[in-house]
Amino acid sequence: MVYSLATVVDLINTGADEPDGLAEVGDLEEFVRRREVSGVEAVTSRDLGEVRALREEFHAVFTAPDQPAAVGLLNTLLQRTRITPHLAEHDGHPLHVHYFAPGASVAEHLAADCGVALAHVLVENERDRLRTCAAPDCSHVFVDESRNRSRVYCDSRTCGNRMHVAAYRARRRDAS
C-alpha cells in the first residue's frame with residue numbers, strides 16, 4: 001500500500017510542474033519503468049491520454065474539500081475499474097497484493113492499485129495526511145507519514161529549506 005501511495009503521489013506530481021511530466025508517450029514509458037508498474041506490455045498514445053485524465057481524478061481526491069467529497073470522487077473512479085485482487089511476488093519485491101485485472105491497461109492498473117491504496121487511507125480516517133505543499137510556489141502533493149501529522153512541505157530539502165531561509169531572512173530584515 002505504501003508503494004502504491006508513493007506511485008499516486010508521483011503520478012499527480014507529474015502534472016504539477018512545467019513542462020508536463022507526461023507530455024509524451026516516452027514520458028509515460030519512463031514513469032512505468034521508474035515506478036516498476038508490472039504487467040504493462042506496451043504504452044500507447046491512448047494510454048497517455050487515459051493516465052493524464054486519471055492523474056486529474058487522483059488530484060481531485062487529494063484536494064477534495066472534505067471526507068465525503070473525497071469518498072464520492074474515489075468511489076466514482078473505482079466503480080469504473082476492473083479489480084481482481086491477486087498475490088504477486090516479482091522483480092525482487094516481497095509478496096504483495098495487486099488489484100488490477102489481467103490484461104488491464106496502464107490506466108486501469110494504476111486506478112486499481114492506487115485507488116485501493118487511497119481507499120484504505122480514507123477508510124482509516126487518515127484523509128488529513130493527503131496534503132498539498134505549503135510553499136506558495138509549489139503545487140506538489142504528498143502523503144504526510146509523520147507521527148504527529150506536522151509535515152507541510154513536499155520535500156524538506158527543497159521547499160522546506162527554501163521557506164525556512166526566506167523566513168529567517170525576513171526576521172533579520174525586520175530586526176534591522
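Reply:

**Salt bridges in their structural setting**

The chain contains 6 helices and 4 strands, where helices (H or I, at least four residues) and strands (E, at least two) are DSSP runs numbered from the N terminus. This is a predicted model, in which local features need pLDDT of at least 70 and side-chain atom pairs count only at pLDDT 80 or more, while totals for chains, interfaces and linings use all residues. Residues are numbered from 1 along each chain as its sequence is written, and side-chain values use heavy atoms, with hydrogens and water left out.

Along the sequence the elements follow the order α-α-α-α-β-β-α-β-β-α. Of the 176 residues in the chain, 40% are buried; buried means under 20% relative accessible area, exposed over 50%, and partly exposed in between (1.4 Å probe, protein chains only).

As to charge, the chain carries 20 positive and 27 negative side chains, with the centres of the two sets 9 Å apart. In this count Lys and Arg are positive and Asp and Glu negative, His and the chain ends being not counted; each charge is placed at NZ of Lys, CZ of Arg, CG of Asp or CD of Glu.

The structure holds 12 salt bridges, each defined by a side-chain nitrogen of Lys or Arg within 4 Å of a carboxyl oxygen of Asp or Glu. One of them joins the side chains of Asp10 and Arg34, at 3.0 Å from N to O. This pair links distant parts of the chain, for Asp10 belongs to helix α1 (residues 2-13) and Arg34 to helix α2 (residues 25-34), 24 residues apart. Arg34 counts as partly exposed because its relative accessibility is 37%.

A salt bridge also connects Glu108 with Arg82, again with an N to O distance of 3.0 Å. Glu108 lies in helix α5 (residues 106-123) and Arg82 in the loop between α4 (67-79) and β1 (83-88), so the pair ties together parts that are 26 residues apart in sequence. Glu108 is partly exposed, because its relative accessible area is 22%; Arg82 is likewise partly exposed, at 41%.

Glu126 and Arg129 form a further salt bridge, in which the closest N and O atoms are 2.7 Å apart. Here Arg129 counts as buried because its relative accessibility is 16%.
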